[in-house]
Amino acid sequence: MDEKLRENDAVIFVDQRGRKYLKILRRGTRITIRGELPSESLWGVSEGSWVTFSSGERFLVLRPTYADLVPNLPRQAQVIYPKDTGVMLLWGDVFPGATVIEGGVGAGALTIALLRAIGPQGRLISYEIREDFATIAAKNVANFFGPAPNWSLKVKDLFEGFDETAVDRLFLDLAEPWKALDQVANALRPGGVFVCLVPTALQLKETVQALQDSREFDAVECFETLMRPWSVRGLSVRPVHRMVAHSGWIIVARRVV
Ligand SMILES: C[S@@+](CC[C@H](N)C(=O)[O-])C[C@H]1O[C@@H](n2cnc3c(N)ncnc32)[C@H](O)[C@@H]1O
């Protein structure tokens, strides 16, 4: 991918106050924020350029990073915050070429991160119980990741079991992960890494306890991530007044023999 914007690229427009607007450069469409601009007029423009809308307001245009993308992703389910996704990918030890299962899919935010991390040689199989959510996720992957021939999206209840065995890594983001541990154990190879995210303390307790009681998992860890942004303006150097104080706990365990 070079720096020139092309048809169907996802881009963010950043205004003078740093606010970001996610758009797609579709043929025959106009980008509307405050004022408008034909999408075609941006094809061939280098990302990192300032462009002027019909209102006279100027915006910086860039392809979105993953962190830009996720808060703006079309969705009906809660997405995993990028601060958690980054840590989940590393503690989950996702590597290029890995075979990974994910469930549920929601809007596909974690799906996109996993597809980027496993690369074209890897394989991702995603389970989602709701057809409408699966449709949104498939659209988000197509729009914001691109073609993914190594991705299978299954509209299935994962509590009925996974079709795959001997996978390297398995990620769960749903309400009762402790109830799926037998299914997870059947799908993961020995040494494989299981990662899940839960938003409340009782879910944390249930899941960790179930993993500790199981003979099929060991090396259980749990933690949360706090990211505190700072404001740096001249002599005023301080944390910003607001932050995401809570998202959830990340639980990691290894499949053992
Ligand atoms: C919080 S969302 C997942 C968000 C996703 N990780 C992301 O980053 O966009 C939880 C998803 O799990 C799905 N789900 C719940 N129970 C399920 C089950 N038994 N089998 C498969 N998917 C399930 C829900 O429909 C929902 O889409």
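1. Buried area is the accessible area, taken with a 1.4 Å probe, that two parts lose on being put together, summed over both. Between domain 1 and domain 2 of this predicted model, the buried area is about 450 Å², and carbon and sulfur atoms give 66% of that area. Leu22, Ile24 and Pro64 supply 67% of what domain 1 buries against domain 2, more than any other three residues.

2. Some conventions apply throughout. The model is predicted, so local features need pLDDT of at least 70 and side-chain atom pairs count only at pLDDT 80 or more, while totals for chains, interfaces and linings use all residues. Residues are numbered from 1 along each chain as its sequence is written, and side-chain values use heavy atoms, with hydrogens and water left out.

3. Domain 1 covers residues 10-64 and domain 2 covers residues 69-255; such bounds come from an automatic or database domain assignment. The C-alpha centres of the two domains are 31 Å apart. Their contact (heavy atoms within 4.5 Å) takes 6 residues from domain 1 and 4 residues from domain 2.

4. Which polar links cross this interface? The rule finds 1 residue pair in polar contact, with both residues at pLDDT 80 or more. A polar contact is a pair of N or O atoms within 3.5 Å; within protein, one must be able to donate a hydrogen and the other to accept it, and residues adjacent in sequence count only if both atoms are side-chain atoms. The rule finds 0 salt bridges there, a salt bridge being a side-chain nitrogen of Lys or Arg within 4 Å of a carboxyl oxygen of Asp or Glu.

5. On the side of domain 1 that touches domain 2, strand 2 (residues 20-24) gives the largest share, 3 residues. Helices (H or I, at least four residues) and strands (E, at least two) are DSSP runs, numbered from the N terminus.

6. In helix 2 (residues 82-91), the buried residues are Lys83, Asp84, Thr85, Val87, Met88 and Leu89. Buried means under 20% relative accessible area, exposed over 50%, and partly exposed in between, using a 1.4 Å probe and protein chains only. The buried residues of helix 2 pack against several elements, including helix 3 (109-118) and strand 11 (188-198). Just after helix 2, Asp93 has a positive phi of about 55 degrees.

7. Val208 belongs to helix 6 (residues 201-213). Why does Val208 count as buried? Its relative accessibility is 12%. Beyond its neighbours within four places in sequence, Val208 is in contact with Val220, Cys222 and Ile251.
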